[in-house]
Amino acid sequence: MHRTLSHVFHEAKEGVLHNAHLTHSSSRGSMSATERKSIAEQEKQFVAHFSDQHEPLPPEEVQQDPRNKELGRSSRALSVKDFELVRTLGTGTFARVWLVKLANPAPEDKDKVFALKVLRKVEVIKLKQVDHVNHERQVLADVAGHPFITTLITSFSDHDSLYMLLDYCPGGEVFSYLRKAKRFDERTARFYAAEIVLILEFLHEREGVAYRDLKPENLLLDAEGHIKLVDFGFAKRLGNSKPPSFLRRRSFRRKKSGDSEEENCTDCNSGETYTLCGTPEYLAPEVIQSKGHTTAVDWWALGILIYEFLTGYPPFWNQNPIEIYKQIVSKPVHFPNEPQISEEAKDIIRQFCTVDRSKRLGNISGGAQRVKDHPFFKGVKWEDVYYRKHKGPILPPVRYPGDAQCFDMYPDEKEGRELYSDDLRRKWDDHFKDF
Amino acid sequence: MSLPSAYLKEIESLNREVLKTAPTDILQFCANYFNRRLESERAQFLLSATKDPKMSGSTFPGRLGTNANPFGDGTSAGKEQMSSGTISKVVEEEENDTITSPTTPSFAFTKGGSSTFGGPFGGDASGDGPPSSFKPTSSEGFPAHYGMGRRTSVSAESLNPTASSNDNWSPPFHSKSEDQIARLKKSISGNFLFSHLDDEQSAQVLGALVEKPIPAKGIKVITQGDQGDFFYVVEKGSFDVYVNPAGSLQPGMDGLGSKVATIEPGGSFGELALMYNAPRAATVMSAEAGCTLWALDRITFRRILMDSTFQRRRLYESFLEEVPLLSTLTRYERSKIADALETQKFPAGTTIIKEGDAGEAFYLLESGEAEAYKAGTQHPVKQYKKGDYFGELALLNDAPRAASVVSKTEVKVATLGKDGFQRLLGPVESIMRRTKYEGVEEVDPLHKK
C-alpha cells in the first residue's frame, strides 16, 4: 500500500503546494520549471548515492565547514513529490517520520530507502518549538557524516511543512530491544556506552553541542547493530568547543533585532543554556533547578542510561514526575541486589550521576578522555569502536534494505488538522528559511 | 544455578505433549510446538492490550503529549497508557519466557532468517506486535508499577536572558506584609524548586507572587487534565484535591473523581507548572468561601532564575578575565570555573583568610570591601573592592598565606578551592606553563617575598 506523500499531506491543496514551493525562497523563485527539474534530478542522484562510501570519515573530517560539505545542505529543488511513502516509523506531537523511497527511481536505485522527518509548521509554532527545530537542522547539518549519528542528507520545506531527509536505520530503537530483553549484560551495555561516549566527545569537544535528550528511545540500531543517535530536537550549540574558524565566525554573528531566538551572540558563546528540556527520568539536577546547564547534562544522562541498560529501569522513578525530580536532586543512585552489577559499572554510574558538576566525570578535567580511561571501559580499543570494527551485540533481524519490521506500527494521521494560515505564514515563515 | 521456573513449566508441558503424541520427527514437533505457543501467547497479550487500554498510565501526569519533541515522543497518550498499562498487568501473571535474555550466551538476533522476530510476528504490514510490545517476562527485580512505555520528552518555552536581549524585563513586584513574607518563605522553604535559591532570587520570587482571592466555595482553581501555567500557595482558607482515574475531569456528578487531600494555609500545589507545561494531575477546588491564594507563573519564575544566574555567570567570567594567574585560560575554561564558584557572605570584620594558614582557596570579591594586613603593620597593605581577587596563589602551591584579608564592610565573595580548580582544569602548573606568570610580587601582598 504505497501512497505518495503529497496525497497524504495535501489532498485538496495540490496546486497551492506546488506554487508555494517554487516561491518559498528567492533562489527557487528565480528558477524556471526546467531548471528546477534538472536540479531536482541531480539532487536525487546525490540522495540516492550519499551512502556509497562505507568507511566512516575521521572526526576532523566530519567537522568541516558545512558550506563545503555536501551532506546536510538545504535542497534547492527537491519536494515531497520526489519521494514515495512506505510507512510511518515514528510520530510525535508535531512531527512524523516516514520510511520513503525515491519516486520514479532509476532501476538501480529502486531499493534505496530513507527516513523523512516531516514537521508541521503550525504545530511547531503552537508548541513554541521554532528555535528547537532550527537548532535541530543546523546541528544535524554540522555533524552529518559521524558514524553514530543519524545523517541529515538534505532538507526542504513547502507551504506548511518542514522536511528533513535522514538515513534509514532499519534496526529500530534500542529501547525496544531493552524492554524485550528486560536488561542488557555488561558487555552489551559497554558496547553501546562506548559508542555513545564517542558521540558525546564529538558533540561536546569538537562541536560545542549539548544533545540534551539521551535515552534508549533515541538510540536506533543500524543493520550491523551499531548505534545511531536520532532526534536532535533539543540539541543546542553552546559555543564552548574549540571550533574551526568558520564556526567561530558564525557564533559572533550579530543578532537581528526581533529574533525571538535563544541563539544569539551572547548566549551562544556563554557555554550554558537555560531552557528546561529532556525526559523526566533523565534530567540532570541542574536542569531541574534551573541553574543554567551545560554539556555536563549529557554525562549525567549517560549514567542514567547505563543504569537502565543494566537493570532495565532508571534509578529515579515514580509515577508522579515531581517525586522523580525530588529524588534526582537529593538522592544518591541506589543499586539493587539483583541483578549484580560490577564495581566498575557502579563506579562509572556514580561518577556520572554526581550532582556537583565540578566532580562529574566527563565534565571534569580530561573530559571524554577521562571517561574512556575509566575501568568500566577497560580493554576497549577506541579506534576500533569509531571505525566500527566489530558488529554489535544485537543484530537486528533485517531481511532487506527497506525492511521496517523492527519499528512499531503507528496509526494514521488524524483528519482535520489546523491549517497554516496566511497570518501565521506572514509572521513566521521567515523563521523557517533555513530549511 | 537452577533453571528458570518459567522454562521448566514450558518444558514440562512439552514433555506431556511428546508423551501424548509420540511424534516421529522430534525436532520438527518441538519447533511447531513452540511456534504455536508463541503465537497464542502473543495473541493473548495483544488482546489484553486492546481490551484494557487504561490501567495505570493515566496516573502519570505531564507525559501525555505535551511539548514533546518529534521523534522521541513516539506515541500518543493512549498508546503510552496502553503499553504501561499492560506491562503492569502482566507483572501479576506467571508468564512464560520465550525470548532469551542477552545475558545468556545464545542471545542473538540473526539477520534475515526466522529469528525471534520472524514467523507469524515479524510481519511488516500486518499490524502484529512490534518488538517493544513484547513484554518482560517476570516482575522480579522491577519496581512495582514501573511504566515500561516510551517516555515523552518535555520542554519549557525557550527564554532569552534579559541581559543579552533587547527587552527590559524586570520581575513583577507585589508588596506584602512582613508576616506574609515570613509565611510564604516558610511554605516554600522545603520545596526542591526553591530551596537552593539565593537571597536575591528568593526575594524576587517572593515579590512576584500575586494575590488571588477565591471568594466562593467550589471554585476550581486548577482542573485535572488542563494545561498548567501557575503554582499556588494557600494564604487563607482550604482547598480540596480530587483525582479522577481517567486522567482528566469528566462531566457529570462523579466527574471530579475522588477526594485525595485537603490543602490548608501554608500548603501549596501545582509546582510542576513551574517547570514546563504539563496537564494538571488533579483538580483543586476551594472548600469554603473567602479563600486567598498566592500565584506564580512559570515564565516569571524561570526568568527570575535565568536572569540572575546569567548575570552572575557573566560577572564571574569578567572577574576571572582580570586575574593574571588565569589569563591563559580559554573562554571555555573560565566558564567552567565560573560554573563551579561558590558564593559566600561575610559580615564586616571577618577574617576571610589568615596569615600563616595553608592556602586552599581563592576568592573573587563580588560586593563590599576588604583589606589585607600583615603581621607587625598597623595599616592595611592593600585594599580590595568589587571585582578584585585574593588568595589565588593557593592554586599554585601550598605556601602559607602571606597576609590576612579582613572584610571592611559586609562582603559577598565567590570562591573556589584548589581541589575544585584542579578537578576541572587539571594541575595549575600546566596552565602556568602556557605563559610566564609575571608581576605577582608587585601586586599581591599575599605572595611571600
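# Close-ups of a two-chain predicted model

**Figure 1. Chain A, seen through its contacts.** Take the contacts in chain A between residues at least 6 apart in sequence: 71% of them join residues at least 24 apart. Keep in mind as you look around that this is a predicted model. Chain A has 435 residues, and 54% of them are buried.

**Figure 2. Lys117(A), a spot flagged in UniProt.** An unreviewed UniProt entry gives Lys117(A) the feature "binding site". To find this lysine, look for strand β5 of chain A, which covers residues 113–120. Is Lys117(A) buried or exposed? A residue counts as buried once 20 or more other C-beta atoms lie within 10 Å of its own. Lys117(A) has 28 of them within that distance, so it is buried.

**Figure 3. The largest nonpolar core.** In soluble globular proteins, nonpolar side chains tend to be buried together. Here, the largest nonpolar core contains 191 residues. Which residues have the most contacts inside this core? They are Leu116(A), Leu302(A) and Ile306(A). Let's zoom in on Leu302(A). Skipping residues up to four places away in sequence, Leu302(A) touches Ala193(A), Ile196(A), Leu200(A), Leu214(A) and Phe352(A).

**Figure 4. Chain B and its two domains.** Over in chain B, domain 1 takes in residues 178–304, while domain 2 takes in 323–434. Their C-alpha centres lie 43 Å apart. UniProt, in an unreviewed entry, lists "domain: Cyclic nucleotide-binding" for residues 193–322 and 325–442 of chain B. Follow the span 193–322 of chain B from one end to the other: its end C-alpha atoms are 34 Å apart. That span is 26% helix and 30% strand.

**Figure 5. A four-stranded open sheet with β3(B) at one edge.** This open sheet in chain B has the strand order β3-β8-β5-β6, with antiparallel pairing. Which strands stand at the edges? They are β3 (220–222) and β6 (258–263) of chain B; each has a single partner strand, so one side of each is left without a neighbour in the sheet. From one strand to the next, the twist averages 30°. Now look at the pair formed by β3(B) and β8(B), the latter being residues 283–286: two bridges link them in the antiparallel sense. You can pick out Lys220(B) standing opposite Met285(B) of β8(B).

**Figure 6. Strand β4(B) and two of its pairings.** Strand β4 of chain B spans residues 230–236 and is mostly covered, with six of its seven residues buried. How many bridges join β4(B) to strand β9 of chain B? There are six, and the two strands run antiparallel, with β9(B) covering residues 291–297. Within this pair, Lys236(B) sits opposite Thr292(B). Strand β4(B) also pairs in the antiparallel sense with β7 of chain B (residues 268–269), over two bridges. There, Val233(B) faces Ser268(B) in β7(B).

Figure 7. Five bridges connect β10(B) with β17(B), residues 411–417, in the antiparallel sense. One of the residues to look for is Glu342(B), whose bridge partner in β17(B) is Thr415(B).

Figure 8. Under "binding site", an unreviewed UniProt entry lists Glu392(B) and Arg401(B). Where is Glu392(B)? Glu392(B) is in the loop between β15 and β16 (404–407) of chain B. Arg401(B) is also placed in the loop between β15 and β16 of chain B. Glu392(B) counts as buried because it has 23 C-beta neighbours inside 10 Å. Arg401(B) is buried too, with 21 other C-beta atoms within 10 Å. If you set aside neighbours within four places in sequence, Glu392(B) is in contact with Val323(B), Leu325(B) and Phe362(B).

Technical notes: Residues are numbered from 1 along each chain as its sequence is written. Chains are lettered from A and ligands numbered from 1 in the order in which they are written. This is a predicted model: local features need pLDDT of at least 70, side-chain atom pairs count only at pLDDT 80 or more; totals for chains, interfaces and linings use all residues. UniProt positions are given in the numbering used here, feature names are shortened, and annotations may be inferred rather than shown by experiment. A residue is buried if 20 or more other C-beta atoms lie within 10 Å of its own, exposed if 12 or fewer, and partly exposed in between; C-beta atoms are placed from the backbone. A nonpolar core is a set of buried Ala, Val, Leu, Ile, Met, Phe, Trp, Tyr and Cys residues joined through C-beta atoms within 7 Å. Two residues are in contact if their C-beta atoms, placed from the backbone, lie within 7 Å. Two strands pair if DSSP finds at least two bridges between them. Axes are lines fitted to C-alpha atoms, for helices over the stretch in contact, and angles run from 0 to 180 degrees between N-to-C directions. Domain bounds come from an automatic or database domain assignment.
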